[in-house]
Structures are given as C-alpha cells and as structure tokens.
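Here are my notes on the model, as numbered points. Please read them next to the coordinates.

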Amino acid sequence: MADQPQQTSRADTLLEFPTDFPLKIMGERHDDFAQVVVEVVLRHAPDFDPATLGMRPSSGGRYIGLTATIRATSKAQLDALYTELSAHPMVKVVL
C-alpha cells in the first residue's frame with residue numbers, strides 16, 4: 001500500500017476542486033515584489049493570468065498587498081504554493 005498515491009479525503013479540506021482561490025500576499029514595498037510573486041504563483045498555477053493581480057499599498061506606503069486568484073486544482077497544489085511563498089524572503093504574510 002505504500003506505493004499508492006495519497007489521495008485527499010473530504011475530511012482533509014472543505015474545498016471542492018477545482019475552485020477559484022484568492023491568495024493574499026503581503027511584503028515590503030519593492031520594485032520587483034509583484035514580479036517575484038507572479039513567478040512563484042505561475043510555477044504552481046501555470047494558467048494564472050498576471051493581468052488579474054490586484055495591488056494595494058499600505059496607508060504608510062511601506063508595504064504592499066497583492067491578491068492573486070488562482071484556479072486551484074488540489075490541496076497539494078495550494079500547500080506547495082503557500083510553502084514556497086511563505087519561505088520567500090520578500091514575503092511577510094500569506095493568507
């Protein structure tokens with residue numbers, strides 16, 4: 001049984017796939033921040049359209065919040081995307 005692919009059970013997630021899933025990514029304002037985030041998102045969701053990326057600066061202008069809505073196909077895909085984004089040094093928070 002060890003070589004069978006692991007399947008996500010209904011108890012593992014309340015989401016039904018595929019689904020549109022918004023990711024909120026925040027980091028310090030930097031010229032390359034949006035491009036870096038788009039590159040990471042595209043590695044996990046190749047059909048993501050960068051033109052749909054939402055951007056909102058913080059009131060003080062020090063931080064920027066991005067919203068990337070992807071077509072999520074599995075919990076594993078979302079987990080991998082959250083892991084890579086969270087580990088990036090430019091990213092402060094991923095929701």
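1. In what order do the four strands form the open sheet, and is the pairing parallel or antiparallel? The order is S2-S3-S1-S4, and the pairing is antiparallel. Strands here are DSSP E runs of at least two residues and helices are H or I runs of at least four, numbered from the N terminus; two strands pair if DSSP finds at least two bridges between them. S2 and S4 (91-94) stand at the edges with a single partner strand each, so one side of each has no neighbour in the sheet. From one strand to the next the twist averages 25°, with axes fitted as lines to C-alpha atoms (for helices over the stretch in contact) and angles running from 0 to 180 degrees between N-to-C directions.

2. On provenance: this is a predicted model, in which local features need pLDDT of at least 70 and side-chain atom pairs count only at pLDDT 80 or more, while totals for chains, interfaces and linings use all residues. Residues are numbered from 1 along each chain as its sequence is written, and side-chain values use heavy atoms, with hydrogens and water left out.

3. S1 and S3 (residues 63-72) are joined by 10 bridges, with Lys24 opposite Thr67. Four bridges join S2 (residues 54-57) to S3; Met55 has Leu66 as its bridge partner, and Arg56 stands opposite Gly65. The S2-S3 hairpin has five residues between the strands, and Gly61 takes a positive phi near 80° there.

4. Helices H1 (residues 33-44) and H2 (residues 75-87). H1 packs on the sheet, touching S1, S2, S3 and S4, at about 20° to the direction of S3; contact means heavy atoms within 4.5 Å. H2 also packs on the sheet, touching S1, S3 and S4, and makes about 160° with S3.

5. A backbone point to check: the peptide bond between Phe17 and Pro18 is cis, with omega about -5°. Pro18 lies in the segment before S1 (19-28). Most peptide bonds are trans.

6. The count of salt bridges (a Lys or Arg side-chain nitrogen within 4 Å of an Asp or Glu carboxyl oxygen) comes to five. Glu84 and Arg43 meet at 2.5 Å, N to O. This pair links H2 to H1 across 41 residues. Arg43 is exposed at 51% relative accessibility, whereas Glu84 is partly exposed at 26% (buried is under 20%, exposed over 50%, partly exposed in between; 1.4 Å probe, protein chains only).

7. Glu28 pairs with Lys92 at 3.7 Å, linking S1 to S4. Glu28, Arg62 and Lys92 form a salt-bridge network.
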